[in-house]
Amino acid sequence: MSIEDNTRSKARPALQRPRPAGRLLIVANRLPYRVLDDGAKVELQRNVGGLVSAVHPLAERVGAAWIGWDDGQTALWSRARNALRAAPYRVIPLALPERLHANYYSGFCNATLWPLFHSFLGRAEFHQSWYEAYLEANRRFADRVRREARPGDTIWIHDYQLMLVPGLLRQAGVRSRILFFLHIPFPAADLFRHLPWRSELLAGLAGTDVIAVQAPEHSRHMRDALDQFGPGAGGNGRPKIPELRTIPISIDTVRLSRRSRSPEVLRRAEAIRQSGAGRKIVLSVERLDYAKGILERLRAVERLLERRRDLRERIWFLQLSVPTRTGVGTYERYRRDVDEMVGRINGRFSRPEWVPIRYLFRSLPEDELLAYYRVADAALITSLKDGMNLVAKEYVAAHGHGGGVLVLSEFAGAAREMRGALLVNPHHATETADTVARALEMPLEEQRRRMSGMFRHLLRHTVHDWVERCLA
Ligand code: GDG
């Protein structure tokens, strides 16, 4: 069976998939669109990223409403009425005062919860004023949802930015079904207990009917935390505890696989390949985040270039880093450290016609990203902790039944499913370096066997199945 036949046979017609009862209200920090003023008119442009690509097609199909932060573009959004009317579903931008947003988002979300939930206790900062901003921002989200919700609606809340919203909705008397999906890991109770507001967060989550997480250990950790610090912990007459489910997120395998074989992507891939002059390409793609283990990866790259002189000038490391959380101090410093290390390694090993690391610090259009996936002989993903890691799955979808090797951190959720990957502990620079060399020297037949097994898995476990299971 050809790839085309195979992918088509697995695609399920959209109308056969279940619709949620009532309307679907999606609540996420991020909206599926950003608003742009090109001088002549105000336009909406789709945001990129895991959550949006996962949930947007469903929102479109069922005519959902999506409530999210307005990106600080309150004035522009108010001029976007026509564009909003033309959007495929209701988009509801929520304004937050600048200072409140800074303390809520750059502070509590990304300098308290993000590091703690990714097991970087030393990076987590605890400030009462940040928690209060988080509570206030969650109140404003909950208030907007309450005004929108009608009996019979399903409310689907996403991620660690909004963990208090379910409890606040219940306090306000909302009785709709509430679902919550945590995209990032939930830490072991031993780590979680350090959070001064642990009981408040769990009380917020307890307002949910179903909490879904990416991996069974996150579900176990959350159960432990609820038992130890949740509402009524240790006492009698405990309130109802939400149902916990493990539902790993995935990708639109068929769409990505087809798109990556489109003439536009193939043409672009060919141009990139030619600029590589026959060198092997090792690709890494991520938001520039310390949890993605970028410095650890660079150490492994350096180790490889030290240990394998024969590979010098025959490989290229291509690092695509997307700017993220630019207002957060840790991220600014991390970016400087990455810049410095790339510069040092390139300075040390470059030759007049070869630079080992090509480093792009910007976001690319999807076709361009797919072209990079296509040309990469190996993808190198070194997360120190990652809820899932969709890049790993996208790389596989772009290769289908063809060659290419996925070198993947054992600490990414994707490692549970991507059985054909070469797994590494990114803290072990030498092991990671040797594994990359093994990937580049792997016979094509073995590459195909591994890749094809993972691709078949992704055809059976798509983002559509994820949505169905989340809403079931
Ligand atoms: C969180 C969790 C979990 C990246 N660069 C470009 C671009 N991207 C897209 C990728 C992918 C998405 O962004 C990144 O998703 P990841 O899963 O890899 O990572 P996070 O952003 O940390 O996502 C993670 C995810 O939520 C979903 O639950 O898997 O563990 O941390 O889709 O393709 N897209 C385009 N240009 C880029 O330059 N177009």
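This is a predicted model: local features need pLDDT of at least 70, side-chain atom pairs count only at pLDDT 80 or more; totals for chains, interfaces and linings use all residues.
Reader: Okay, take tryptophan 69 and tyrosine 105. What kind of aromatic pair do they form?
Author: Tryptophan 69 and tyrosine 105 are stacked, with 25° between the planes and 6.4 Å centre to centre.
Reader: And which parts does that pair tie together?
Author: Tryptophan 69 sits in strand E4 (residues 65–69) and tyrosine 105 in helix H5 (residues 98–117), so the pair links parts that are 36 residues apart in sequence.
Reader: Switching to strands. In what sense do E11 and E12 pair?
Author: Strand E11 (residues 315–322) and strand E12 (residues 357–361) are parallel, with five bridges. For one of those, look at leucine 318: its bridge partner in E12 is arginine 358.
Reader: How does the chain cross from E11 to E12?
Author: Through helix H14 (residues 329–349), in a right-handed β-α-β crossover.
Reader: Now the ligand. Which residues come nearest?
Author: The shell has 23 residues, and the nearest are His183, Leu364, Asp386, Leu390 and Glu394. By class, that shell splits into 11 nonpolar, seven polar and five charged residues.
Reader: Which elements supply at least two residues of the shell each?
Author: Strand E10 (280–287), helix H15 (366–375) and helix H16 (390–399) each do.
Reader: What about ligand oxygen atoms, what lies 2.6 Å from one?
Author: A polar side-chain atom of histidine 183. Glutamine 214 has a side-chain N or O atom 3.1 Å from a ligand oxygen, while asparagine 389 puts a backbone N or O atom 3.0 Å from one.
Reader: And how much of the ligand does the protein bury?
Author: The protein buries 90% of the 740 Å² that the ligand exposes when taken alone.

Technical notes:
Residues are numbered from 1 along each chain as its sequence is written. Side-chain values use heavy atoms; hydrogens and water are left out. A residue is near a molecule or strand if one of its heavy atoms lies within 4 Å of it. A polar contact is a pair of N or O atoms within 3.5 Å; within protein, one must be able to donate a hydrogen and the other to accept it, and residues adjacent in sequence count only if both atoms are side-chain atoms. Accessible areas come from the Shrake-Rupley method with a 1.4 Å probe; for residues, only the protein chains shown count as cover. Helices (H or I, at least four residues) and strands (E, at least two) are DSSP runs, numbered from the N terminus. Ala, Val, Leu, Ile, Met, Phe, Trp, Tyr, Cys and Pro count as nonpolar, Asp, Glu, Lys and Arg as charged, and the others, Gly among them, as polar. Two strands pair if DSSP finds at least two bridges between them. A crossover is right-handed if, with the strands pointing away from the viewer, the path from the first strand over the helix to the second runs clockwise. Rings of Phe, Tyr and Trp (its six-membered ring) pair if their centres lie within 6.5 Å; planes under 30 degrees apart count as stacked, over 60 as edge-to-face and the rest as tilted.
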